[in-house]
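Please open the model in a viewer and keep the selection panel at hand. The tour begins at a ligand and then moves to an interface between two chains.

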There are 4 protein chains.
Amino acid sequence: MAAAATPLGFIGLGMMGLPMARSLLRHGRALVACDPSEAARDALSEGAGAGAVRFAATPAGVAETAETVVLVLPDSKAVAQVVEGPGGLLAALRPGHLVVDMGSSLPAETRRLAAAAAERGAAFLDAPVSGGVAKARDGTLAIMLGGDDEPCARAEPVLREMGAPPIRTGPVGSAHAMKALNNYVYAAGLLAAAEAVRMAEALGLDLHVFTDVLNASSGRNVATETKLKSDVLTGRYAAGFQLGLMRKDLETAGSIAAETGLDAPGLSLCRALWAEAVEKLGPRVDNLEIHRFLGQRETAPR
Amino acid sequence: MAAAATPLGFIGLGMMGLPMARSLLRHGRALVACDPSEAARDALSEGAGAGAVRFAATPAGVAETAETVVLVLPDSKAVAQVVEGPGGLLAALRPGHLVVDMGSSLPAETRRLAAAAAERGAAFLDAPVSGGVAKARDGTLAIMLGGDDEPCARAEPVLREMGAPPIRTGPVGSAHAMKALNNYVYAAGLLAAAEAVRMAEALGLDLHVFTDVLNASSGRNVATETKLKSDVLTGRYAAGFQLGLMRKDLETAGSIAAETGLDAPGLSLCRALWAEAVEKLGPRVDNLEIHRFLGQRETAPR
Amino acid sequence: MAAAATPLGFIGLGMMGLPMARSLLRHGRALVACDPSEAARDALSEGAGAGAVRFAATPAGVAETAETVVLVLPDSKAVAQVVEGPGGLLAALRPGHLVVDMGSSLPAETRRLAAAAAERGAAFLDAPVSGGVAKARDGTLAIMLGGDDEPCARAEPVLREMGAPPIRTGPVGSAHAMKALNNYVYAAGLLAAAEAVRMAEALGLDLHVFTDVLNASSGRNVATETKLKSDVLTGRYAAGFQLGLMRKDLETAGSIAAETGLDAPGLSLCRALWAEAVEKLGPRVDNLEIHRFLGQRETAPR
Amino acid sequence: MAAAATPLGFIGLGMMGLPMARSLLRHGRALVACDPSEAARDALSEGAGAGAVRFAATPAGVAETAETVVLVLPDSKAVAQVVEGPGGLLAALRPGHLVVDMGSSLPAETRRLAAAAAERGAAFLDAPVSGGVAKARDGTLAIMLGGDDEPCARAEPVLREMGAPPIRTGPVGSAHAMKALNNYVYAAGLLAAAEAVRMAEALGLDLHVFTDVLNASSGRNVATETKLKSDVLTGRYAAGFQLGLMRKDLETAGSIAAETGLDAPGLSLCRALWAEAVEKLGPRVDNLEIHRFLGQRETAPR
Ligand SMILES: NC(=O)C1=CN([C@@H]2O[C@H](COP(=O)(O)OP(=O)(O)OC[C@H]3O[C@@H](n4cnc5c(N)ncnc54)[C@H](OP(=O)(O)O)[C@@H]3O)[C@@H](O)[C@H]2O)C=CC1
Ligand SMILES: NC(=O)C1=CN([C@@H]2O[C@H](COP(=O)(O)OP(=O)(O)OC[C@H]3O[C@@H](n4cnc5c(N)ncnc54)[C@H](OP(=O)(O)O)[C@@H]3O)[C@@H](O)[C@H]2O)C=CC1
Ligand SMILES: NC(=O)C1=CN([C@@H]2O[C@H](COP(=O)(O)OP(=O)(O)OC[C@H]3O[C@@H](n4cnc5c(N)ncnc54)[C@H](OP(=O)(O)O)[C@@H]3O)[C@@H](O)[C@H]2O)C=CC1
């Protein structure tokens, strides 16, 4: 339990940010947080010890109190607003400040913001996570970490309180790139599993047995292991990761394909299908509803 | 170590069949085997104890000596030839005979041959495997098992000598269906991983670190865990599973999509890409060469 | 110039409906029309002779005055609302009434509404059109016509005032089916042309010459002939057909693929790409913006 | 009728070359030709006037007699062999020689060979054609022409005897690039038409009427206009253009996508499907068999 005298900044208390902030509190951290939603702020205060959490009205307000500021925001657009918008972090950054973007953002944007922070003598790192809400709650997230040695070394103790030892991925932006590519591999495996389950169902096969077969065989992946039985076969669809966020990650991977000029036919298909699903179901449903979407795609629209 | 007085029949001594037959020998079984390749027959004899292995000239010859006959053949066409061709098993089958097709065959063909065997009072089961050459060698294959209780019960002790306790999948043909769908999920995960690795490479990222990231995150699948570092990043491409066999399995999955009338866009893409790869590289290269194929697809043909 | 004593009903005065209604006026028809938009109603009144156009507040009001009612509505949902919603046509239908759906609707819905009309002794036909706003204005639309001989014979003189002699396609619903399949073939040709133009541009080729080459060669299609130079190369994108309407037509074609259990990989891709484009650009931009969308798809999102 | 004293060289007497050479003979040209197939050579001699046709044993032999040499060969590999192989053209080229590659070759290879010819003071142009065997026979081919003004001016009178006035496309290689992109647009339209016809058939619609609908509507393209009724609906499949040649053209278009770093999802799909079709049906069947292939793709393999 490594506590720190100065509070840690924390911006973004959504599906992931809230349990991650709570992990930090459990480790004895004091936090100065910021989130537009009152409900989210109340939720964080609730379980916290007296004085452990304060709130700032703006990101700049967070940076006035905290040296290290963690961001867990939906996308690069939100990050840019928090950093560069009115009341944003950037104007408040001084030498010694360390901003850690733990969301899944665009590598190119991350590099741009890191350069802007550097001009003010501050450091900006990318530390996206994997593992979803469940591992956020347990403090066992997988964490990738991009950036120079010195700021990474400063960030590591904080990151360790939310997950496994971070994997150093290279220069700033590299962690966000790997995260996007990772999520593409996950999406492709989920899509294939969803299609396979639907075919097995149409054949009248036992879907629990089929899931066991996949998990005992070469078809095993994170979706077959952790999602099929609990959330797909039940129709519960509650992994806590939104369809629209996966779509964003696939777009990020698409920007890497474009940047590198590579032809990635599987990625191209996933991008189009997730966009189609978002168009049909909206961005805020659970990502696992891609399974439901496949069923709808078969049916005459009305 | 469960030995049997009557020898077991074993037809097909290829990449998988040979190590599987050796597992049976290690468990004290006597075998009467059959394979067109002299090299394969010699390879089996070599390590075997005196008298443990005999060879029959034809499948019918195998059935004359053995009650239970295991098939490990490339595809349904080979199975049909072994069963119904000249000197085939079928004419030799009597009540009490048990044929176990451990290759990856077409479910519809499997049902047809099971019915033909039943007319002669014999049983025919599908028991395809997963795990590749490595697990075949260790005797730790995953085994699916389709068919009625009685013959399945007779087959299980034999199967246990080659792998984990078989998973009962339902009526005859159901194991072959699940196997094909499983292999599709594997292929889709491999394709995505191969694309992702190529993009990461083009970005100049460290590919061993990237593989670690995938394996610590939601992108983990059997290909990322067991193939990337050893066979893809090295360009070794030596998993022991042929590109053409995966293509066949994807065609089998395609026949399920057609039979059930389902739209499986990811499967459709994989079918087309594997066919394109087979057309370019030939069917006998290793399945992992799909990674090399993606690179070639980028380049001007000459 | 074939005029009729009783006015013709006309519901839906959008991009297509307005010029089609004007064609009828030019042929001396009197119209009783209905459309929610005041601007659309004013636009129709404007050029019309005194007394030639009246408006009804509801579809039922149209059917009270007119025996034959033409619908030019965005989709089957709008048709269902006009027919079955409050103040809808259906309750007002009597023997002798003839409803002609000239929009691009779902075949299954069309059959359903035709059956409902038949129960009230009225006829319901599908007569979708092709040729876009330009041909609607000139009264030279291609018209498909589905339904029984007798009502088709009654509809033909009216249809002839808006286009070429209608092509009889078979029973009710068949014209809507052919229209959807036709639009898929158009979309696929447009997509290919847009991709080809973008590649030719990246090679630095002269795009007007390239268009001439396509039109002199086997690449010629309706998009290359009538859209590339005027609307794609100029970036004008103003064909008057909305992206969202094409998406709807592709969904209709998709429902045919599902209904017939056929695997149509090109259609599957077009569905996904148009959905992705609608998701990115919104449904109301011009369908030709699929060309712009392809360019955006290359670029890092922000 | 523009006759020339010196004979014209002509290499490649296949489906296209033979009728193109005959067009030249009809215009009073004398030819010195070369083709490995005796049957092809006999076919050319047959209808020719006395002394109008001679044969050379090698391409070099052709260049010894003729100043202008036309190539109509299957692909860049064959062109490279004819130019650079043993007995090839290159060694025989002198200032004043003009080589015109009228096949559909790889732009990059064409540029390379043009540079090699230039080193020997000779000119090398690309003049691919469109219109198929029928227009080759009638001498009404569409011809694209890439290269510098002076050699193009020399080639034009010859080209005019085989088709319409050539369209100048830009520098050498540009005509081959446009040809490949054109063929992609054709292939995409053919694929869509084939899928649509199969769906219409499954709905029980009249396919001749459906073809009329396409041709009167926005779905019209060269395949719907010239191939559906004669060769697809009849199952005749005899356009005279091989599946494997279209596959080659799609690969050429793919090399342009790779070179320009553009994402062309429709092209990617066509490449994969044509490769799958070639893998299943072989390269030498007619390109229209893509329609039959779609039907096979639905069916369980055996
Ligand atoms: N390799 C792998 O990792 C896995 C393979 N499988 C499946 O297992 C099956 C076998 O695969 P694998 O061992 O890799 O394939 P191989 O091609 O290496 O082996 C097939 C063997 O069957 C023999 N054979 C073919 N026809 C006959 C016949 N008419 N009579 C007797 N023997 C015959 C072949 O002989 P010859 O070579 O002389 O033609 C060859 O020895 C396939 O269905 C495959 O899909 C399943 C899981 C993993
Ligand atoms: N545009 C084109 O080139 C072609 C279009 N088509 C098809 O023709 C049909 C019409 O297309 P288009 O004219 O472009 O579409 P628009 O959206 O421009 O026009 C539709 C019209 O219907 C009106 N409308 C919608 N709901 C109702 C209602 N409940 N009662 C009365 N009026 C209603 C709309 O009013 P408001 O705008 O106020 O909602 C609008 O004026 C579609 O099915 C389309 O797919 C076919 C061939 C070519
Ligand atoms: N067919 C069509 O509709 C169209 C074809 N094209 C293009 O035109 C070109 C020719 O096509 P097509 O005529 O159909 O093809 P074919 O395969 O019918 O004809 C090619 C001819 O070239 C000969 N040939 C091959 N190699 C050599 C060589 N080394 N020396 C001399 N002759 C050789 C072949 O002889 P052999 O058969 O003995 O090998 C054959 O006679 C291709 O690039 C094609 O893509 C363009 C437009 C339309």
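Select ligand 1 and B:K248 first: a polar side-chain atom of B:K248 lies 2.8 Å from an oxygen atom of ligand 1. The model is predicted, so that local features need pLDDT of at least 70 and side-chain atom pairs count only at pLDDT 80 or more, while totals for chains, interfaces and linings use all residues; side-chain values use heavy atoms, without hydrogens and water. Residues are numbered from 1 along each chain as its sequence is written, with chains lettered from A and ligands numbered from 1 in the order in which they are written.

At B:G240, a backbone N or O atom is 3.0 Å from a nitrogen atom of the ligand. Of the 890 Å² that ligand 1 exposes when taken alone, the protein buries 83% (accessible areas by the Shrake-Rupley method with a 1.4 Å probe; for residues, only the protein chains shown count as cover).

Now turn to chain C and chain D. The area buried between them is about 4900 Å², with 71% from carbon and sulfur atoms (accessible area, 1.4 Å probe, that two parts lose on being put together, summed over both). Select C:M178, C:M199 and C:S218, which supply 13% of the area that chain C buries against chain D, more than any other three residues.

Finally, select C:D263 and D:R297, whose side chains form a salt bridge at 2.9 Å, N to O (a side-chain nitrogen of Lys or Arg within 4 Å of a carboxyl oxygen of Asp or Glu). Across this interface there are 4 salt bridges.

Definitions and conventions: A polar contact is a pair of N or O atoms within 3.5 Å; within protein, one must be able to donate a hydrogen and the other to accept it, and residues adjacent in sequence count only if both atoms are side-chain atoms.
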